Amino acid sequence: MRKSNTFNKKIMEDSTILYRIKNLIKSKTSISEEIAEFQLLPGAGSSRRYYRIILTNKKTLLACYGTNIEENETFNYFSSIFCKSSINVPEVLSFDKDLYIITDLGYTDVLSAKENLNEKETLELYKRILEDLVQIQFVGGEKIDFSKCFVRHEFDKTAMRWDLYYFKYYYLKISGLEFNDQKLEEDFDKLLDFLDKSSRNYFMYRDFQSRNILLKNNLLGYIDFQGGMKGPLQYDVVSLLYQAKANLSNEMREELLSFYIEILKSRISVDEKKFKEEFQGFVFIRILQTLGAYGFRGYIQHKEHFIQSIPQALKNLKEQALVINKIVPMPYLTNLINELKELQIQ
């Protein structure tokens, strides 16, 4: 009976949202076409709900329903800045606190598109993405008022420590592996002291990975940037190149990183050795954070996509622990990582 009641409540809630979507389009946009169809899109990591709206002229829009009002307002603000700078992000057509209507940038994300590309085509596509990323990072750094970020204004030591704790509490502790808190915190501090020296004057997209990049008629579009904040350049490059599901080869990662650095050199002075060392540190913290996210979304929330990503992320982490230890020795954390196994999820 409880399951039936929950199901009925969900149906009623969707009906109310769809009624509000119709009113928003009719009263707050210049769109005159009628709605022919609604589609509830599959969810990912967040609790937000997305609906594709198909109009009678076959054009499509998206509606987003989310109860985190601050997050919605940040998305609306970031979108307005990027749209004015000719960056291809969804334009907010109408906004009403927990519900807003945006332009539809397409059905196909880069991760899906990549399955039909050969290595050369993948390389060229990722180079185009990196060119866009530099534009996003610099435009955001110059024009965004970071006090309007809804999570944190800057990827500082506190924000980095949150990422490390995501790994600690949602993967390491769940794994059942015994560890010494004091020794772990000492190694965390070493990593944070090293990363805190990096320049943080740019827009950090936060989740710049292939599922958040769309491809339509060979045009790239960028979504899910509302978690952005002021931060370092390296972090988003790491997010793109080290996404577990994308599984790029080390050779391709190195070529793409060099390509990105050359683009940067046309804008700013770059100490390449220092930049690459910091890059490796951000690779390490990003993989730790994503493994924590996979533990939370997969082990606790039972979301299949995140469960499937754990083996590759764990492999990446063990490889990266060897790399970062040559720059920032963290023997205790490295030993723990070497002993880590995949979470056993029913």
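Predicted model: local features only at pLDDT ≥ 70, side-chain atom pairs only at ≥ 80, totals over all residues.
Is Asn-247 buried, partly exposed or exposed?

1. Asn-247 sits in the loop that runs between α7 (234–241) and α8. Its relative accessibility is 45%, so Asn-247 counts as partly exposed. The backbone deserves a comment as well: Asn-247 is not a glycine, yet its phi is positive, at about 50 degrees.

2. Asn-218 belongs to the loop between β7 (213–216) and β8 (219–222). Its phi, near 70 degrees, is again a positive value in a residue other than glycine. With a relative accessibility of 55%, Asn-218 counts as exposed, because the limit for that class is over 50%.

3. The next matter is the packing of α8 against α9. Helix α8 covers residues 250–265 and helix α9 covers residues 272–300; their axes are 12 Å apart and form an angle of about 130 degrees. The two helices are therefore oblique to each other, and α8 passes α9 in a right-handed crossing. On the α8 side the contact involves Leu-257, Ser-258, Tyr-260, Ile-261, Leu-264 and Lys-265, while α9 contributes Glu-272, Phe-275, Lys-276 and Phe-279. Sorted by class, the contact of α8 with α9 holds six nonpolar residues, one polar residue and three charged residues.

4. Helix α9 also packs with α7. The axes of α7 and α9 come within 9 Å and cross at roughly 55 degrees, and α7 and α9 are therefore oblique to each other. The crossing of α7 and α9 is right-handed. From α7 the contact draws on Gln-234, Tyr-235, Val-237, Val-238, Ser-239 and Leu-241; among the residues that meet them from α9 are Phe-275, Phe-279, Phe-282 and Arg-286. By class, the contact of α7 with α9 has nine nonpolar, three polar and two charged residues.

5. Phe-275, a residue of helix α9, takes part in the contact with α8 and in the contact with α7. Its relative accessible area is 8%, and Phe-275 is therefore buried, the limit being under 20%. Beyond its neighbours within four places in sequence, Phe-275 is in contact with Leu-233, Gln-234, Leu-257, Tyr-260, Ile-261, Leu-264 and Val-270. From Phe-275 to Glu-73, the C-alpha to C-alpha separation is 33 Å, and the two are 202 residues apart in sequence.

6. The nonpolar cores come next. In soluble globular proteins, nonpolar side chains tend to be buried together. The largest nonpolar core here has 96 residues, of which Phe-82 and Phe-284 touch the most other members. Leaving aside neighbours within four places in sequence, the contacts of Phe-284 include Leu-191, Leu-317, Ala-321, Met-330 and Ile-337. Another core, of 12 residues, lies apart from the largest one; Ile-17, Ile-21, Ala-63 and Tyr-65 are among its members.

7. Leu-93 has 27% relative accessibility and so counts as partly exposed. Not counting residues up to four places away in sequence, Leu-93 touches Lys-28, Thr-29, Ile-31, Leu-61, Ile-101, Ile-102 and Thr-103. The C-alpha atoms of Leu-93 and Gly-281 are separated by 40 Å, and these residues are 188 apart along the chain.

Terms used:
Residues numbered from 1 in each chain as written. Heavy atoms only, no water. Axes fitted to C-alpha atoms, helices over the stretch in contact; angles between N-to-C directions. Helix = DSSP H or I, 4+ residues; strand = E, 2+ residues; numbered from the N terminus. Parallel < 35°, antiparallel > 145°, perpendicular 65-115°, else oblique. Left-handed = near helix turned anticlockwise from the far one by under 90°. Contact = heavy atoms within 4.5 Å. Nonpolar A, V, L, I, M, F, W, Y, C, P; charged D, E, K, R; others polar. Buried < 20%, exposed > 50% of the residue type's maximum accessible area, 1.4 Å probe, protein only. Core = buried A, V, L, I, M, F, W, Y, C linked by side-chain atoms within 4.5 Å.
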